Amino acid sequence: MLSYSFSAIRLRKMRAGLTTLGVVIGIAAIVALLSITQGLQATITRQLQTGFATDTLIVSTRGGFGGAFGQGGANAGNSGFKLLVNDTQIINNIANVETSMAIIQRTCNLTRGEEVYNLTTIVGVDFAQYANIYSSAFVAESGEIPLEPENQTVVVGKFVSDAWKNGTLFCNVGDTVDIIWTNATNLPPQYETHVGQVAAVLKEIGGFGVGGPSDYGVYIPISQAERFFGTDECDTIIVKLANDDKATIDNATQAIRDAFSDQVSVTSATAVLSILSNVFSVIQLFLAGIAAISLLVAGIGIMNIMIVSLMERTREIGILKALGMKSGTVLWVFLSESVIIGLIGAVIGIASGWVLANVVAIVFRGGGGAFTGNQVAATGRMTITPLLTPTVTILALVFGVGVSAVFALYPAWRASRLKPVEALRYE
Amino acid sequence: MAVPEQVDTGERRRQMTSVTAIVEAVNLKKTYMLGEVPVEALRGVNLRVDNGDFLAILGPSGSGKSTLLNLIGALDKPTEGKMLIEDIDISTLNDNQLADLRRRIGFVFQFFNLIPRFTARENVELSMTIAGLSRGERRKRAEDVLKTVGLGERMNHRPAELSGGEQQRVAIARALANNPKFLLMDEPTGNIDSKAAGEIIRLIKRLNEEKAVTIIMVTHDQRLAGQSKRVVQMFDGLIVQDVVN
């Protein structure tokens, strides 16, 4: 009986092909969108996990780092509250806090002789504590990170050294670099220069470096940052907790907020991850909805072809019934024709969706590269690796087949209900 | 026009012979709705067909021949009266039981009604596929019946590659495939040239004589009617004459 359905499809190759194309497009869209968003989610989660340690909290003034995640509130950044470098002493007294360290960040130009590495982030940190908290990320690939650094000591991220990612190094261990900061505290702005010597190049981290070390960061001792930037104000304080239990995180978060009269925002790596994953499920749902519409259109296409096919083959159905085929079998024949189309469409759709996702990923990567040229972008660029999970594959298959079966149900039912005498008389 | 007196062939033949009836119509009536107007296609037909019979049904168009054939073929149900096939009243059967019954009835249509995308052999196999025979049985049986109708050499041709006469022989082979209780033919020579029609007539006659296949056919073809064992004349929904040749 299956071969009967196949022969009917083969007879109308063009029409069946176009109908299949409808399913292919729908399924391909779903697969491509889902595998890209899932890949993106996996990439971002992984990068955050390398950039963050799960047992850390990030304390910043409201409207600062935390504000980006919707905790800013009404008084964002306007209260005049300042987080100071030595506020770490307050935080260190809170229960379950192991240690804490301040970070000062400024965007500066970096040059070595005539070579210019454009804008990058200069980060003032306590090297010993930073290496302790981010023990897997703040690790030297070449040179050595001094735990008691000299004034001019500089540690650079992997891609500050290997700036063009081709082995031509912008700077290497032992090189002298100039950090040029535009001081706009008093007008007119003045350029100030801090001369540093590269003590170590970090191994590649691959993360964004939100809070934690980054491939594009330049690290100087916190004391030098205070002196150079002329401030005792810090951007963030990284807090290392005794463990990453939810209770510990929640209690410490609350205690820190209380200690600063609710003037700071406290973000935990875990919270950021869960917010991100929420955002991603919404995006995924939205994109899947769009793809579902194209599948709906494909379904209507299937219904159309099956109704036309029903009309054309009314007489044939009459013959089959005269030869003793039961109504149920006629229904099954029509349904299986449609399901075959759906199955072929789904399989091709999954394959082409996967190809499409990879093409999109490559285009994104290429687009990122186009901005580099001679100037190296200072922020982290990310590569999307599309992810095709078995769940998505099975879901796409079920959807493709399901849609074709559901939309063929009505034409198939009508075919099965035809009276043999009338069907045979049909011209 | 005076309505000719009806002949109760069923009763008369029952007295004549003791052979079991394959088909028996008792006061068979069928009324169609043609739009709003009821049309009485059959107005009380009595007919008995015995095993081995070769029956030709003649009559002008609109006399109810095709309606009677559809009822004998279990394609339709009567409005009134009984249509007995091997003593089973088809009015009492549901759709699936009717389908099962039709598997043992061989239909031959005026316009052949072959599936165009199938070869001759596949067309013959189709009826056996529906009856649930295995692939091996189907293949062997299809080749046998195609040889019987003289198409052993052309069984892998599609209908479009066959002449009208050859197509009708494929249709006859298909009808024979499931060892039917009887063959029902609706103008089997109505759509083919006279030379091919002569061959079909000889084939049908041979099937009846040599293979003892019971044949009930509707025809306009006087030559064909002349070859039958028995001629039934219909007029205006009634049987008006039933003659044994």
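## A sheet in chain B

Two strands count as paired when DSSP finds at least two bridges between them. In this predicted model, strand β3 (residues 54–58) of chain B and strand β8 (residues 215–218) of chain B run parallel and are joined by four bridges. One place to look is I57(B), whose bridge partner in β8(B) is V218(B).

Both strands belong to an open sheet of six strands in chain B, with the order β6-β7-β8-β3-β9-β10 and mixed pairing. At the edges stand β6 (105–108) and β10 (238–244) of chain B; each has a single partner strand, so one side of each is left without a neighbour in the sheet. On average, neighbouring strands here are turned by 15° against each other, direction ignored.

## Two helices packed together

Also in chain B, helix α6 (residues 164–176) packs with helix α7 (residues 194–210) at an angle of about 20°, and their axes are 9 Å apart. Angles under 35 degrees count as roughly parallel, so α6(B) is roughly parallel to α7(B). The crossing of α6(B) past α7(B) is right-handed.

From α6(B), the contact uses G164(B), G165(B), Q168(B), R169(B) and I172(B), while α7(B) brings A196(B), E199(B), I200(B) and L203(B). By type, the residues of this helix contact are four nonpolar, three polar and two charged.

## Where chain A meets chain B

Turning to the two chains, their contact takes 15 residues from chain A and 18 residues from chain B. On the side of chain A that touches chain B, the elements giving two or more residues are α1 (2–11), α9 (314–322) and α12 (420–425) of chain A. Of these, α9(A) gives the most, with five residues. That side of chain A divides into nine nonpolar, three polar and three charged residues.

Conventions. Residues numbered from 1 in each chain as written. Chains lettered and ligands numbered in written order. Predicted model: local features only at pLDDT ≥ 70, side-chain atom pairs only at ≥ 80, totals over all residues. Axes fitted to C-alpha atoms, helices over the stretch in contact; angles between N-to-C directions. Parallel < 35°, antiparallel > 145°, perpendicular 65-115°, else oblique. Left-handed = near helix turned anticlockwise from the far one by under 90°. Contact = placed C-beta atoms within 7 Å. Nonpolar A, V, L, I, M, F, W, Y, C, P; charged D, E, K, R; others polar.
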